[in-house]
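Visitor: I would like to learn how to read a model like this one, feature by feature. Could you walk me through it?

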Amino acid sequence: MIIEMLGVGERNARTQNELTRVLQKDDTREIRQAIRTERLAGNIICSNDKGYFLPENDADIKATIRRLRKRSKAFEDVADAMQMAFNQRSKKDGRKKNVCKNDN
């Protein structure tokens, strides 16, 4: 488990590249997926621009939550812009608008 490879506090943050190398993975996507899996299982893994780490205090956790929500909002904004562009193109071309939120 990745959580066992992490130190406590921002000063002990480990980068994706470092974790990829230490865990002998093919690329950083595997690390991101493993972090996601552990977080969804209830493990609190913090992150910032220095890397991944275990929380030293509540402020570390709160900062990570804010960062994740900000990133999520940025993805929503891009999806909304693409939806608007698609709707405008579809309207101009006479196509039915068939892309909406939560379509898979």
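Guide: We will go from the overall fold to helices, the pocket and a few single residues. Please keep in mind that this is a predicted model.

Visitor: What percentage of the residues of the protein count as buried?

Guide: The cut-off for buried is under 20% relative accessible area. By that cut-off, 24% of the 104 residues are buried. As for contacts with a separation of 6 or more, 42% of them join residues 24 or more positions apart.

Visitor: Which residues of helix 2 are buried?

Guide: They are T28, I31, I35 and E38. Because these four cover an arc of only 80° around the axis, they sit on the same side of helix 2. R29 and L40 are exposed on the other side. The next step is to look for partners: the buried residues of helix 2 pack against helix 1 (16-22) and strand 2.

Visitor: And what do the buried residues of helix 3 pack against?

Guide: Their partners are helix 2, strand 1 and strand 2. The buried residues themselves are D60, T64, Q83, F86 and S90.

Visitor: Now the largest pocket. How much space lies in it, and which residues are nearest its centre?

Guide: The largest pocket holds about 460 Å³ of space. Its lining has 18 residues, with I35, R36, R39, L68 and R71 nearest the centre. Helix 2 (28-40), strand 1 (46-48), strand 2 (51-53) and helix 3 (58-93) each supply at least two lining residues, and helix 2 gives the most, with 6. By class, the lining has 8 charged, 6 polar and 4 nonpolar residues.

Visitor: What should I look for in the backbone angles?

Guide: Most residues other than glycine have a negative phi. Q24, in the loop between helix 1 and helix 2, has a positive phi near 55° and is not a glycine. Its relative accessible area is 71%, so Q24 counts as exposed. Just after helix 2, G42 also takes a positive phi, of about 105°.

Visitor: Where is M5 found, and what does M5 touch?

Guide: M5 belongs to the segment before helix 1. Leaving aside residues up to four places away in sequence, M5 touches R14, L19, V22 and L23. M5 has 25% relative accessibility and therefore counts as partly exposed. Sequence separation is worth checking too: M5 and F53 are 48 residues apart along the chain, with 8.9 Å between their C-alpha atoms.

Conventions: Residues are numbered from 1 along each chain as its sequence is written. This is a predicted model: local features need pLDDT of at least 70, side-chain atom pairs count only at pLDDT 80 or more; totals for chains, interfaces and linings use all residues. Side-chain values use heavy atoms; hydrogens and water are left out. On a 1 Å grid over the protein atoms alone, a cavity is a set of points where a 1.4 Å probe fits but cannot get out, and a pocket is an open set with protein on both sides within 12 Å along at least five of seven lines; lining residues have an atom within 4 Å of a point. Grid points are joined across faces, edges and corners, and a volume is the space filled by probe spheres set on the points. Ala, Val, Leu, Ile, Met, Phe, Trp, Tyr, Cys and Pro count as nonpolar, Asp, Glu, Lys and Arg as charged, and the others, Gly among them, as polar. Buried means under 20% relative accessible area, exposed over 50%, partly exposed in between (1.4 Å probe, protein chains only). The arc is that of the directions from the helix axis to the C-beta atoms. Contact means heavy atoms within 4.5 Å.
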